[in-house]
Every structure is written in C-alpha cells, then in structure tokens.
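Have the structure open beside you as you read.

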Amino acid sequence: MLSYAAALFHGFIAWLVATIGRLGYLGITGLMFLESSCFPFPSEVVMPPAGYLASKGEMSLFAAVFSGILGSILGALFNYWLAIRWGRPFLEKYGKYLFISKESLDKAEEFFAKHGHISTFTGRLLPVIRQYISLPAGLARMNMKQFCAYTALGSGIWVVILALLGYFLGNNEALIHAELKKITVGLVAGCVLLVVIYVIYCKRKKVK
C-alpha cells in the first residue's frame, strides 16, 4: 500500500514538473494562486519543481520566484475580497449563533489596524495559517497596501526557500521533504521569537 502511494506521489510530481514546464510561469502563478486561496494547493509541490527546472536552464529562477509570489498575492487578495464581500455581513447577521458579536468584530478590526502587518507577515510563514490569514485581514478591512506588502514579504521568503530547495536538491522528494521539516521548525521558532520581540516593543512603547 505504501509503495503504491509512493508511486502515485512520484507520478504526480512528474506530471507537475511536466505541467509547469508546459504552462511555464503562468502555470506557477495559477497553482500558487490556488495554494494561497480558499482552495489550498500545497506550494511544496509547486515551487521545488520550478526551481529544479531553473537548475536545468529550462526556466529563469528569478521569473519563477516572481511568478510564485504574484500567485500568492493574487490568491491572498481573493480570500481578502471574499471576507470583505461575504464574511462581515454574514457574521454580523448570524454571528450570534456562533458566539461572535459585533463588538468582537470591531475589536478584530482595531487589532488588525494596529497589528495587521506583523500578523500577516508571520502568518504567511506558518503552515496551514498561511492559506487563511487573509480572511481575518479582510474581515478587519486591513489597509490594502499594507496587506499586499506584508503578504508579498512573507510569501516571498517561503517561495524563495522552496525554489532554492528544488534548485539545489533537484527532484529528490525525500531529501526536499526532510529539509522542509527542518526549515519549517526554524520558521515557526523565528516567528514566535519575532512576535515576542514585537509584544515587548509595543509594551515599552505604551509605557513611554
């Protein structure tokens, strides 16, 4: 059963590499749009193959990274728009059944107005959260320019990491997966440290 699953995964990776090679940068943008939207598609199987193709000279590494970041931003904006268009009206109408009051929505909006930048940036670097951090940002109507800037920064770091893994490790899925585990632990630890420093900074600023 395990060998069958492994064969399927290898087949999927081969198909993905061929698809990206055929669709090029548009394919990367489209797949990363899905990864960043409400239809999560793992970036771990998109950017490494693109990096691998770049190492073979079949793609530009810079253009592949740019396409990945562009797709991430577009997907995040899609979630952001969904939250603004449908999220707040729905929660204001039915939130009481979910124990969400209008006051709590107002507090969330105030929170993202003050701390949306750090929340969006760190959220884009954390597993699972990266796909959905755009929703609370949209609900709180976070400043659009600020949202795009910190989404680009956070997703940019992640996209570059994935692309470089593919560039230097080739299509060795097992090795890439092992390195990703280490990198993810490091990113989570880094985000926790960054948030702690930010909280301390905010407290000191408030005291002054």
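A patch here is made of residues with over 30% relative accessible area and no salt bridge, and nonpolar side chains are joined into one when they lie within 5 Å. Keep in mind that this is a predicted model.

With that in hand, look at Phe 62, Phe 66, Leu 70 and Leu 74: they form a nonpolar patch on the surface, and together they have about 430 Å² of accessible area. Phe 62 belongs to helix α4, which covers residues 61-94. Phe 62 counts as exposed because its relative accessibility is 68%, and the cut-off for exposed is over 50%.

## The nonpolar cores

The largest nonpolar core contains 27 residues, and Ile 28 and Met 47 are the ones with the most contacts inside it. At least two residues of this core come from each of α2 (25-36), α3 (47-55), α4, α8 (144-169) and α9 (173-207). The helix that gives the most to this core is α8, with 6 residues.

There is also a second, separate core, made up of 8 residues; among them are Ala 137, Ala 140, Met 142 and Phe 147.

## A serine in helix α5

Is Ser 119 buried or exposed? This residue sits in helix α5, residues 102-123. Its relative accessible area is 15%, so Ser 119 is buried, since buried means under 20%.

What is Ser 119 in contact with, leaving aside its neighbours within four places in sequence? The partners are Phe 111, Phe 112 and Ile 133.

Notes: Residues are numbered from 1 along each chain as its sequence is written. This is a predicted model: local features need pLDDT of at least 70, side-chain atom pairs count only at pLDDT 80 or more; totals for chains, interfaces and linings use all residues. Side-chain values use heavy atoms; hydrogens and water are left out. Patches are made of residues with over 30% relative accessible area and no salt bridge: like charges are joined within 9 Å, nonpolar side chains (Val, Leu, Ile, Met, Phe, Trp, Tyr) within 5 Å. Accessible areas come from the Shrake-Rupley method with a 1.4 Å probe; for residues, only the protein chains shown count as cover. A salt bridge is a side-chain nitrogen of Lys or Arg within 4 Å of a carboxyl oxygen of Asp or Glu. Helices (H or I, at least four residues) and strands (E, at least two) are DSSP runs, numbered from the N terminus. Buried means under 20% relative accessible area, exposed over 50%, partly exposed in between (1.4 Å probe, protein chains only). A nonpolar core is a set of buried Ala, Val, Leu, Ile, Met, Phe, Trp, Tyr and Cys residues joined through side-chain atoms within 4.5 Å. Contact means heavy atoms within 4.5 Å.
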